[in-house]
Amino acid sequence: MQTGIRCMLMRGGTSKGAYFLADDLPRDPAARDALILGAMGSPDPRQIDGVGGAHPLTSKVAVVGRSSEPGIDVDFLFGQVLLNEARVDTTPNCGNILSGVGPFAIERGLVAAQDPVTRVKVRTINTGTIAELAVETPGGRVRYDGDARIDGVPGTAAPIAIDFLDAAGSVCGALLPTGNAVDHVAGVDVTLIDNGMPVVVLEAAAVGRTGHEPRDQLDKDLELKKRLEEIRLAAGPLMNLGDVAAKVVPKMCLVAAPAAGGHIATRSFIPHECHAAIGVFAAVSVATAAVLPGSRANRAARIPEGRTKTLSVEHPTGEFTVRLEVGGTPQAPVVERAGLLRTARLLFDGTVFVPERALAAAPARAA
């Protein structure tokens, strides 16, 4: 016997995941996660018995429903489905999967489409972050084709503009959890920051790297990974995250001077694998750090002038553009608003089947 659940597979930014209506899933978190694990095929590094993509960037889910919060259209719960554990981590945000929430909400009738653009205000349940997505809907239908290009995705698609309204400190409780632009952690100077994603920012030179190495080289660098994990574990409590040994946050990000015409170069770890690009919220957090005097990112960055700053964050497969509205003073800048451009595409809409044995076995192991 199997249980069938409505599901959409969508590419959101440079990630891919399964999107579910909250009303189609059990309300009990353990039962919900058991169903998700069965649908995705975890735990199994290949996820051969499910629809997961056998990689952290393609083993993600979105649970979306109408919001009861005034002024908010939909609530979005993000889940990172682990490959080697029977666990769904709902601690972090994911801005890439977020970019598909607007189209999904319109396709499922949670939000009425407008002509030519539909604005969808989304609350991320994981952290309380509020974002507004502008989805092109000419004639009242979601448009997926277009001329917008993002590095890490082949071809072009319709643009989805995302503005984050209150991401600062959404996970750690403050933009700078320690109150400092720089802290000495596990023998190295770092910046601990959370503008939607907790990130430990450190100069690549501090761990004997250039910050321009190819992704595959860094991913095989076991000595570097061991050192980064040592720093990450020490940083967790300082960021109000407690013991992070079993968590996917904070992310680790090596920074260096730009080398391809951008404003800062990055090599991001998520957290135990080098990212082929950089996550949405990680890019926002690093760009935010770049404009803060004294931070490790600021030391490496080339910062544009003006109140509205468009920063190109270089990564192994291209760049990621972040737009910041910066107030305050040059000595004490305040990031008032962060925005960026993503794309998304509906890949499949149908029914995913979950074996009854998965539902019976997984709840005791699910988080």
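How do the residues of the lining of the second largest pocket divide into nonpolar, polar and charged? They come out as 10 nonpolar, one polar and seven charged, where Ala, Val, Leu, Ile, Met, Phe, Trp, Tyr, Cys and Pro count as nonpolar, Asp, Glu, Lys and Arg as charged, and the others, Gly among them, as polar.

Some ground rules: this is a predicted model, with local features needing pLDDT of at least 70 and side-chain atom pairs pLDDT 80 or more, while totals for chains, interfaces and linings use all residues. Residues are numbered from 1 along each chain as its sequence is written, and side-chain values use heavy atoms, leaving out hydrogens and water.

That second largest pocket holds about 410 Å³ of space. A pocket here is an open set of points on a 1 Å grid over the protein atoms alone, where a 1.4 Å probe fits, with protein on both sides within 12 Å along at least five of seven lines; lining residues have an atom within 4 Å of a point. Of its 18 lining residues, Ala22, Asp23, Arg27, Val63 and Gly65 are the closest to its centre. Strand 3 (60-66) gives the largest share of that lining, four residues (strands are DSSP runs of E, at least two residues, and helices runs of H or I, at least four, numbered from the N terminus).

Now the largest pocket, at about 630 Å³. Among the 33 residues lining it, Pro56, Gln80, Val248, Ile270 and Pro271 are the closest to its centre.

Finally, arginine 232 sits in helix 5 (residues 222-238). Arginine 232 counts as buried because its relative accessibility is 0%, and buried means under 20% relative accessible area with a 1.4 Å probe, protein chains only.

How values were computed. Grid points are joined across faces, edges and corners, and a volume is the space filled by probe spheres set on the points. Buried means under 20% relative accessible area, exposed over 50%, partly exposed in between (1.4 Å probe, protein chains only).
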